[in-house]
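Subject: Structure handover

Hello,

Here is the structure for you to look over. My notes follow below it.

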Amino acid sequence: MSELKVSDKAIVVPGELLAQGMDFLPSFGTYRIKEDIRAARLGLLKVDGKVLKIIPLSGRYIPKRGDTIIGQVSDIMIAGWRLSTNSPYEAVLGMKDATSEFIERGSDLSKYYALGDYIVTKIINVTSQKLVDITMRGPGLRKLLGGRVIEVNTNKVPRIIGKLGSMVSMIKDATGVKIVVGQNGLIWLEGEAHMENIAVEAIRKIEKEGHLSGLTDKIKDFLTNKLKEVTK
Amino acid sequence: MAYTKRFDGRKSFSDLRPIEAKAGVVPRAHGSALFRIGNTIAYATVYGPRELHPKFMQNPKTGVLRCSYNMMPFSGAGERVKPGPNRRAKEISLVTEKALLPVLDLSDYPNTVVDVFIDLPQTDAGSRCAGICAASIALADAGLPMKDLVAAIAVGKVDDKLVVDLDYQEEAYEDGPVADIPVAMLPSTGEYTLLQMDGDIHKDELYKALELAKDACNKIYEIQKTALKEKYKGQEGGDEGGDVE
């Protein structure tokens with residue numbers, strides 16, 4: 001007889017017994033010893049039919065192919081740039097992925113991206129040894145001028161973006177602030193200073209209460225109240 | 001003076017001192033925990049995985065675990081503890097590392113390091129065990145892949161009694177033989193990851209003492225579990241959020 005020992009969507013900790021019996025299958029973040037399935041990390045248990053997996057709630061960003069991230073130029077190399085990405089691994093932007101312009105041999109690369117510049121870029125490849133290749137070719141990929149960059153918990157980024165970007169669009173529309181959300185937990189904002197502050201507050205609120213249902217309405221109310229205060 | 005009852009008033013020889021555990025006590029660390037057992041307090045902070053330098057220390061096959069055990073200058077009961085690494089601290093850092101490594105799987109993070117800093121503001125024996133308990137909560141809090149938590153406790157023999165969780169007074173008992181055995185184990189499988197001994201004890205008694213340690217470790221595991229669940233309380237039951245784009 002197979003039996004689930006923990007309810008769906010419960011918080012589980014490493015080593016915790018999740019289910020007994022061969023009718024359940026271990027997936028991401030879980031493992032089997034003999035008949036038992038146990039948790040291999042801290043997170044939210046998700047029961048998907050027979051499959052048990054864990055959605056992480058904490059942990060650093062690890063680069064993944066196809067992610068759009070915000071990086072900061074940390075070094076300029078002979079034919080490209082090295083970017084720090086709020087993760088254990090740095091990313092490399094090669095010259096031919098950097099711009100559609102023609103870059104003359106031996107020219108000063110800091111003309112394009114200087115040390116300390118923030119860039120929205122897309123990861124094109126991650127090797128087994130976590131060497132990260134990024135590109136600037138794609139819609140919305142650019143250098144970020146002005147504004148400010150804040151750091152959030154990477155595991156909350158999907159909440160901040162919302163379904164099909166609904167959450168972040170709502171903040172953008174309400175405050176008129178330009179926002180770029182990187183999957184690595186860096187968020188760039190640019191707009192009027194007091195509006196930027198409201199947008200940051202809203203994002204912090206999502207980060208803190210991201211798990212509650214009816215979050216969209218809550219953030220909507222929060223924004224309307226804040227904007228009323230400002231216009232008063 | 002014969003040893004007939006616990007010096008600190010505990011009812012039984014297998015009683016633990018009061019334990020308090022808390023996860024996420026240092027907001028700027030990637031994971032952190034407090035573990036207090038009696039008058040021994042351990043803080044563990046985890047940073048990483050992060051880039052490892054110097055580069056020759058990197059391992060391309062897996063991430064590296066690096067532990068540091070540190071008694072604060074004012075932590076002891078007697079003289080000021082001289083700060084900085086010493087022979088004892090190095091040994092304990094090493095055994096802590098070896099006690100934690102079997103549960104951790106850092107193969108997804110090649111060339112990186114996970115740093116664990118264990119700081120003890122107050123000690124009254126059992127500090128390496130408190131450090132291991134705190135570190136394992138902190139590592140789980142940091143979201144690292146690990147197959148189990150590690151629970152640790154000191155057992156031993158004072159005079160002719162088998163004792164669990166010795167305090168300093170018991171450890172320093174002079175009118176009879178004393179054995180002090182720090183033990184760390186994985187609660188789910190009962191495997192030992194730390195077994196040291198200071199003093200002497202008969203083989204049969206050692207086995208009995210280890211049985212006592214097992215019960216104690218299961219109790220500690222429950223406390224560690226509760227500490228972690230307490231931190232993430234309120235996050236259960238949420239829907240999965242939106243797409244990322």
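Contact here means heavy atoms within 4.5 Å. On that basis, among contacts in chain A between residues at least 6 apart in sequence, 54% join residues at least 24 apart.

Two points on conventions. This is a predicted model: local features need pLDDT of at least 70, side-chain atom pairs count only at pLDDT 80 or more, and totals for chains, interfaces and linings use all residues. Residues are numbered from 1 along each chain as its sequence is written, chains are lettered from A and ligands numbered from 1 in the order in which they are written, and side-chain values use heavy atoms, with hydrogens and water left out.

Chain A first. The C-alpha atoms fill a box of roughly 70 × 55 × 25 Å along the principal axes.

Now the interface. 40 residues of chain B are in contact with 39 residues of chain A. The buried area (accessible area lost on being put together, 1.4 Å probe, summed over both parts) is about 3400 Å². Carbon and sulfur atoms give 54% of that area.

Chains B and A share 1 salt bridge (side-chain nitrogen of Lys or Arg within 4 Å of a carboxyl oxygen of Asp or Glu). B:K229 and A:E16 form a salt bridge through their side chains, at 2.8 Å, N to O.

Best wishes

Notes. Buried area = accessible area lost by both parts, 1.4 Å probe.
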